[in-house]
Amino acid sequence: MGKASYTDRKLTDAERSVAQKYYYLVSYFIWKKHLTPMTEWEGELAIPYIQAIKKYSDYDQLHCFSIKTVIFYALDSARANYFKKRNCAKRKAGSIYLRL
């Protein structure tokens, strides 16, 4: 599976204005999910937030949803991936990771 086309390009001017308009959703998401410390999570969720905006502008199929919905689901997916990576067996202290 290859990389999506929107991952390597910069934001357009229209996307930049949308990103500025809806940036409050990142803080709202952090507050809603009780994630602390806030500054660490803002850094962790910044790239998925930008990717969600680029994905929304590239794919017309997503326009049946609100951009807020697309952003919120992208942030929730990034949060879940963060915890999945953090809690995997090879990162836990005291566990032995054997590669067979």
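Which residues touch the most other members of the largest nonpolar core?

Modeller: The model is predicted, so local features require a pLDDT of at least 70 and side-chain atom pairs count only at pLDDT 80 or more, whereas totals for chains, interfaces and linings use all residues. Residues are numbered from 1 along each chain as its sequence is written, and side-chain values use heavy atoms, with hydrogens and water left out.

The largest nonpolar core has 20 residues, and those touching the most other members are Leu45, Tyr49, Ile71 and Leu75. The elements giving two or more residues to this core are α2 (24-32), α3 and α4. Such a core is a set of buried Ala, Val, Leu, Ile, Met, Phe, Trp, Tyr and Cys residues joined through side-chain atoms within 4.5 Å. Buried here means under 20% relative accessible area, exposed means over 50%, and partly exposed lies in between (1.4 Å probe, protein chains only). In soluble globular proteins, nonpolar side chains tend to be buried together.

Leaving aside residues up to four places away in sequence, Tyr49 touches Val18, Ala19, Tyr22, Tyr23, Val26, Ile71 and Leu75, where a contact means heavy atoms within 4.5 Å.

Of the 100 residues in the chain, 25% are buried. Among contacts between residues at least 6 apart in sequence, 64% join residues at least 24 apart. The accessible surface of the chain, by the Shrake-Rupley method with a 1.4 Å probe, comes to about 7,500 Å², with 57% belonging to carbon and sulfur atoms.

The largest pocket is lined by Tyr6, Ile47, Pro48, Gln51, Ala52, Lys55, Leu62, Val70, Tyr73 and Ala74. The elements giving two or more residues to this lining are α3 (38-58) and α4 (67-86), and α3 supplies the largest share, five residues. A pocket is an open set of points on a 1 Å grid over the protein atoms alone, where a 1.4 Å probe fits and protein lies on both sides within 12 Å along at least five of seven lines; lining residues have an atom within 4 Å of a point. The space in this pocket is about 170 Å³, a volume being the space filled by probe spheres set on grid points joined across faces, edges and corners.

Thr7 touches Gln51 and Lys54, not counting residues up to four places away in sequence. Thr7 counts as partly exposed because its relative accessibility is 23%.

His34 counts as exposed because its relative accessibility is 68%. Pro37 is found in the loop between α2 and α3 as well, and the peptide bond from Thr36 to Pro37 is cis, with omega near -10 degrees. Most residues other than glycine have a negative phi, and most peptide bonds are trans.

Note on methods. Helices (H or I, at least four residues) and strands (E, at least two) are DSSP runs, numbered from the N terminus.
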